[in-house]
Amino acid sequence: MVLAGLSAFLVSVIAVLFLMPHYIKFLKKISFNQTVSEYSLEEYQQKAKTPTMGGVLFVLVPVIVTFIFKPDAIFDLDIAIILLAFVGYGAIGFLDDYIIVIKQDNQGLLARDKFLLQVVLAVIFFFIYQSHTSLDIRIPIVNFILPLGGLYGILIFFMFVGGSNAVNLTDGMDGLAAGCSFIAFIPFLLFAIQDRNVSIVVFICSLMGALVGYLRYNIHPAKIFMGDAGSLALGGALAAVAMVLKQEVALLFIGGVFVWETLCVIIQITSVKITGKKVFKYTPIHYSFVLSGMKETQVVKSFWILATICAVVGFIIAVL
């Protein structure tokens with residue numbers, strides 16, 4: 001199992017490292033460049049010429065590699081749900097990216113349309129998942145099993161819709177979302193190994209390998225961005241893996257950076273609407289640190305460290 005995972009990791013790394021330069025060249029040729037919002041910080045306006053949709057490659061490669069090493073994975077309902085979430089949310093992001101690039105503005109899919117598509121996928125996952133497993137969650141530390149029944153559908157809604165959008169909010173600096181996602185998948189890899197679930201081990205390893213290859217071209221100064229195709233896919237995959245491995249509560253701690261980014265945005269918007277005042281200098285919160293004098297690379301490395309702490313804490317809490 002470990003050997004299969006390591007092999008999948010290496011194949012994905014090599015595949016993305018080899019394919020990405022050609023993919024970047026292709027995207028530049030067809031002018032699929034990042035469209036920067038007029039509300040972005042001034043120093044980020046220069047990134048408008050950087051190709052986007054890099055996430056397409058690190059979505060396709062892990063899926064192909066997973067089936068190469070585990071051809072029977074398609075008959076495993078758990079991995080099928082994970083792959084469906086990964087590709088499904090990636091497809092929503094791809095559609096959003098495509099519209100943004102074609103229209104040359106940041107409107108993309110209408111918010112209600114994107115939200116509706118995300119909800120539809122979450123509902124599909126709930127009905128598929130509830131047909132073959134219990135709708136209980138384990139509360140770590142006290143080791144209490146809480147039966148949710150139909151309420152589990154609400155949990156899935158927050159996990160998938162919230163998770164995919166949380167990673168999307170975090171994707172604002174070179175290497176930030178990809179690095180934090182790579183770190184967040186490590187505890188789930190350990191959970192999968194502990195459960196001896198080879199298919200999930202192979203998938204997570206192949207995805208982590210693809211992220212390593214992608215980061216080679218995404219760390220500062222980035223040569224390509226993942227776009228919504230990548231960020232929504234990563235969020236969907238994290239939620240699906242946590243759900244299938246019955247680590248729903250642990251996801252809150254392991255994905256602490258993503259939770260923090262989302263909460264800051266919610267607090268900021270709420271405060272502005274109610275009081276007319278900002279709580280933070282800027283949200284998503286990673287931009288606040290730049291405004292406070294930190295360099296982008298310092299912010300990213302600091303967030304990677306925080307993501308590592310969250311992953312360790314989440315793993316410890318889950319195994320207690």
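Student: How are two packed helices described?

Tutor: Two packed helices are described by the angle between their axes and by the distance between those axes. In this predicted model, helix H1 (residues 2–29) and helix H7 (residues 198–218) pack at about 35 degrees, and their axes are 7 Å apart. H1 passes H7 in a right-handed crossing.

Student: Which residues make the contact?

Tutor: On H1 they include Ala4, Gly5, Ala8 and Phe9, and on H7 they include Val201, Val202 and Cys205. By class, the contact of H1 with H7 has 17 nonpolar, five polar and one charged residues.

Student: Where do the buried residues of H4 fall, seen down its axis?

Tutor: Start with the general idea: an α-helix has 3.6 residues a turn, so residues three or four places apart point the same way. In H4, the buried residues are Lys114, Gln118, Leu121, Ala122, Phe125, Phe126 and Tyr129. Seen down the axis of H4, they fall within an arc of 145 degrees, so they line one face of the helix. The face turned away from that buried side carries the exposed residues Arg112, Leu116 and Phe127.

Student: Which helices do the buried residues of H4 pack against?

Tutor: They pack against helix H3 (77–103), helix H5 (152–170) and helix H8 (227–244).

Student: Is Leu232 buried or exposed?

Tutor: Leu232, found in helix H8, counts as buried because its relative accessibility is 0%. Leaving aside neighbours within four places in sequence, Leu232 is in contact with several residues, among them Tyr89, Gln118 and Asn165. Gln118 is also one of the buried residues of H4.

Notes
Residues are numbered from 1 along each chain as its sequence is written. This is a predicted model: local features need pLDDT of at least 70, side-chain atom pairs count only at pLDDT 80 or more; totals for chains, interfaces and linings use all residues. Side-chain values use heavy atoms; hydrogens and water are left out. Axes are lines fitted to C-alpha atoms, for helices over the stretch in contact, and angles run from 0 to 180 degrees between N-to-C directions. Helices (H or I, at least four residues) and strands (E, at least two) are DSSP runs, numbered from the N terminus. A crossing is left-handed if the near helix is turned anticlockwise from the far one by less than a right angle, and right-handed if clockwise. Contact means heavy atoms within 4.5 Å. Ala, Val, Leu, Ile, Met, Phe, Trp, Tyr, Cys and Pro count as nonpolar, Asp, Glu, Lys and Arg as charged, and the others, Gly among them, as polar. Buried means under 20% relative accessible area, exposed over 50%, partly exposed in between (1.4 Å probe, protein chains only). The arc is that of the directions from the helix axis to the C-beta atoms.
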